[in-house]
Amino acid sequence: MNMKKIFIYSLLVLFISTLNSCSKEEAFYNFDGTGNAATFASKSLQIPAITKEDNGKVSIPMYRGNIANAASINVEIAGGEGIFTPVKSTYDFAPGENIAYIDFVFDFNKLSARPQDITIKIKNKEDLSINAIESTSITLVRKLTYEKVGVGEYYTDFFEESWEQEIFKAKEGNFYILPSCWVKGVDFSFFYDGKSADLYTTQPGYNYGSYGPVTFKIISQTVKQKGGKRIIEFEVEYYLPEFNNYSFGTGREILYLPAGL
């Protein structure tokens with residue numbers, strides 16, 4: 001692996017809009033006349049720009065086919081890291097409604113640049129529609145405003161290669177991104193305060209052929225001086241989660257910072 005291979009991923013981001021009609025043609029379900037016929041609209045949902053204007057709340061929808069009666073559909077909720085807190089664990093439908101929500105509340109001042117992941121799963125099989133999507137994974141990201149602060153050098157053991165790398169910093173705090181680092185269109189994000197660093201990126205965007213995406217497992221993160229330059233060194237394990245977690249072993253991801261950072 002002595003050459004940096006660039007793969008451009010097309011990331012499908014689904015934004016769900018509220019239905020204004022209860023007609024079957026507009027709903028996300030198959031209904032056989034029994035049960036609640038519940039489903040989520042997608043296996044994954046990204047909310048990429050949470051701001052103060054969201055007033056500390058995000059709402060995640062569920063749909064159902066049988067709207068004849070009121071219904072409460074129990075779900076299991078995982079993730080959120082204690083930052084996004086569900087106000088309840090049931091989706092409550094009134095008679096005639098085919099869409100309901102669970103609200104997650106949060107303190108905006110506690111949000112960092114690290115994406116937060118939440119999984120919601122319909123608990124009881126009898127509540128599902130035919131061919132239902134029974135669980136959905138939600139990724140929530142705080143909106144930050146970035147500006148370029150310099151150009152450094154990036155090195156990875158995975159490709160045994162280095163290159164010039166633009167560095168952007170958020171106006172809102174010590175959060176940084178490296179645009180199109182391994183792969184065009186996929187940014188690396190991390191925290192850095194001059195003394196310590198924390199890499200948020202675990203999916204660098206590189207697809208290892210038919211074996212799926214290469215993933216990082218963070219082992220250690222250090223800030224130090226080397227050759228008269230300040231560097232951030234991330235020791236990671238490279239592995240393939242979609243290929244029985246096959247490991248390539250450990251290696252270094254190194255960012256040589258420009259003067260002033």
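I take helices (H or I, at least four residues) and strands (E, at least two) as DSSP runs, numbered from the N terminus. The model is predicted, and I require pLDDT of at least 70 for local features and pLDDT 80 or more for side-chain atom pairs, while totals for chains, interfaces and linings use all residues. Residues are numbered from 1 along each chain as its sequence is written, and side-chain values use heavy atoms, with hydrogens and water left out.

Entry on Thr-39. I located Thr-39 in strand β1, residues 38–39. Thr-39 is buried, because its relative accessible area is 2% (buried is under 20%, exposed over 50%, partly exposed in between; 1.4 Å probe, protein chains only). I found the side chain of Thr-39 at 2.9 Å from the backbone nitrogen of Ile-133.

Entry on Thr-51. I looked up Thr-51 and found it in the loop between β2 (44–50) and β3 (57–64). Thr-51 has 19% relative accessibility and therefore counts as buried. Its side chain makes a polar contact with the side chain of Glu-53 at 3.1 Å (a pair of N or O atoms within 3.5 Å; within protein, one must be able to donate a hydrogen and the other to accept it, and residues adjacent in sequence count only if both atoms are side-chain atoms). Neighbours within four places in sequence aside, Thr-51 is in contact with Phe-108 and Lys-143 (heavy atoms within 4.5 Å).

Entry on Tyr-246. I placed Tyr-246 in strand β17, residues 246–256. Tyr-246 counts as partly exposed because its relative accessibility is 43%.
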